[in-house]
Amino acid sequence: MFPGGHSCGGLVCDNRHMIGTDPDSTTTAHVLVVDDDPDIRTLIGEFLTRHGYRIDTAEDGIAMDRAMAKERPDLVLLDLMMPGEDGLSICRRLAATGGPPIIMLSAMGDDTDRIVGLEVGADDYLAKPCNPRELLARVRAVLRRPRIRADDGLTGASVQFDGWRFDPIRHELRNPAQVLVHLSEGEFALLRTFVEHPQRVLSRDQLLEYARGPDSEAFDRAIDVQVSRLRRKLGTTGNEALIRTLRNEGYMFIPTVTRC
């Protein structure tokens, strides 16, 4: 907690950091804050607005769906414990339909709870009470991910591997039967990293840097969880998974990757 800060509904707030605009921020990214606590919605909304973000809020899943029908946000800040449809169910639903990236906020912050949140499709997980500067850093990191390698050699190029087709511009993955497979933003960034570095051993640290950026504060288990999720969506080729685990070394993407 910052000196002089106070806690409102689980979010640690420091009014000194809610004055002025972040001099490093030029963003107009649209963030949707979904939380049943109106104080939390107001505090987060005011704080992020002062750092250059455009904010909408929703008190539950129904209000979130109405807001997203009007405009798809660039990021959703999603509370875990809400009446009606809870955050885990909402997160799973958004991830299954290729929704925007999600940062889950919850008073339950041990590793098991984080892993469950990541398992159902969250891109990051932040325990309450949280420092607003940490929240800002996480928001920046998640929003930065799709742009990290925007100037690399895959820009504009679809690739194929073992019958699968991956389009990094359209954010599309199609299986060998040409059925669209939905990916969360985290899964997309991870697969993009693998197809850019096929048949090479990538450590967890390398995957964190390539897929999430050098400023990411994610932890090793987050990568393990996302690899597991991606592996299940890709299935197997013959008797071998497309992503091989190398003990104490990391992961390797097995198939040959070619441009379409």
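Biologist: In which order do the three strands of the antiparallel open sheet stand?

Modeller: Strands of a sheet pair through backbone hydrogen bonds, either parallel or antiparallel. In this predicted model, the order is β12-β16-β15, and the pairing is antiparallel. Strands β12 (201–202) and β15 (243–246) are the edges; each has a single partner strand, so one side of each is left without a neighbour in the sheet.

Biologist: Over how many bridges do β12 and β16 pair?

Modeller: Strand β12 pairs with β16 (residues 250–253) in the antiparallel sense over two bridges. For V201, the bridge partner in β16 is M252.

Biologist: Which helix lies across β12, β15 and β16?

Modeller: That is helix α6 (residues 185–196), which runs at about 70° to β16.

Biologist: Which strands form the parallel sheet, and in what order?

Modeller: Five strands make up this open sheet, ordered β4-β3-β5-β6-β7, with parallel pairing. Its edges are β4 (54–58) and β7 (124–127); each has a single partner strand, so one side of each lacks a neighbour in the sheet. From one strand to the next, the twist averages 20°.

Biologist: How do β6 and β7 pair, parallel or antiparallel?

Modeller: Strand β6 (residues 102–106) pairs with β7 in the parallel sense over four bridges. There, D124 in β7 is the bridge partner of I103.

Biologist: Which strands do helices α1 and α2 lie across?

Modeller: Helix α1 (residues 38–49) lies across β3 (30–34), β4, β5 (75–79) and β6, and runs at about 170° to β4. Helix α2 (residues 61–70) lies across β3 and β4, running at about 165° to β3.

Methods. Residues numbered from 1 in each chain as written. Predicted model: local features only at pLDDT ≥ 70, side-chain atom pairs only at ≥ 80, totals over all residues. Heavy atoms only, no water. Pairing = 2+ DSSP bridges. Axes fitted to C-alpha atoms, helices over the stretch in contact; angles between N-to-C directions. Contact = heavy atoms within 4.5 Å.
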